[in-house]
Amino acid sequence: MTRKEYRSEKVVVSFDPERCIHARYCVQGLPEVFDPNGRPWIKPDRALPERVAEVVICCPTGALQFEPKNGGAAEPIPQENVIAVGVNGPLYVRGDIHIKGPLGETLFEDTRVALCRCGESRNKPFCDNSHKQVSFRDEGTLGDSRLRKEPTGDGRELRMTPTVNGPLLLRGEVEIWSADGETVYRGSKSSLCRCGYSNNKPFCDGSHAEMDWRDD
């Protein structure tokens with residue numbers, strides 16, 4: 001992933017276009033700083049650095065990040081790990097996120113990501129808005145809970161491992177929220193659907209094998 005940096009005297013804002021799904025929280029929150037029609041489209045010197053940081057943290061995908069200068073406060077790691085299921089869209093994750101490889105190696109760390117659950121992203125495990133192109137439909141409700149409460153010994157760390165041709169394995173204390181916020185599951189171990197075919201979304205029910213879904 002290639003990030004482009006936009007600098008002012010007090011803050012550096014970086015942008016990863018591969019993770020942007022045009023949620024537009026930045027444009028709506030600080031249009032004088034984030035103007036998609038401007039060149040450059042990010043001008044961090046047009047607002048107080050604290051306000052720029054506040055709006056960047058609202059970016060649900062992590063496409064936007066900030067780095068304070070001159071002793072400013074960095075983005076805090078959230079006290080709780082939360083996964084919110086989007087209507088017809090991705091899993092929005094906030095927390096102490098560690099995406100792992102098959103041998104347990106850390107491939108990626110962040111506090112904000114949007115993860116594909118339609119099965120069609122070209123940037124897996126991240127969402128790239130392919131759910132819109134394939135007309136993925138899911139109301140964002142929570143199926144029968146498969147989020148178990150088991151000790152992990154990892155503190156606040158949320159480990160997420162995309163498996164070959166299979167689900168996303170979760171390990172670590174986490175809350176999973178329905179799209180309307182009415183249903184919340186809490187636990188520390190589960191498998192989430194990545195293929196888009198599960199009848200028990202967001203949890204995996206083995207449909208990836210039946211549908212011969214493939215992702216390496």
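Biologist: Why is Gln65 called buried?

Modeller: Its relative accessibility is 15%, and buried means under 20% relative accessible area, with exposed over 50% and partly exposed in between (1.4 Å probe, protein chains only). So Gln65 counts as buried. Bear in mind that this is a predicted model, where local features need pLDDT of at least 70, side-chain atom pairs count only at pLDDT 80 or more, and totals for chains, interfaces and linings use all residues. Side-chain values use heavy atoms, leaving out hydrogens and water, and residues are numbered from 1 along each chain as its sequence is written.

Biologist: What makes the pairing of the Gln65 and Asp110 side chains a polar contact?

Modeller: They are joined at 3.0 Å. A polar contact is a pair of N or O atoms within 3.5 Å; within protein, one must be able to donate a hydrogen and the other to accept it, and residues adjacent in sequence count only if both atoms are side-chain atoms. The Gln65 side chain has a polar contact with the side chain of Arg112 too, at 3.3 Å.

Biologist: How do you know that Cys58 is in no disulfide?

Modeller: Searching the whole structure turns up zero disulfides. For Cys58, the nearest cysteine sulfur belongs to Cys59 and is 9.1 Å away, while a disulfide needs a pair of cysteine sulfur atoms within 2.5 Å. Cys204 is in no disulfide either: the nearest cysteine sulfur, from Cys193, lies 6.4 Å away.
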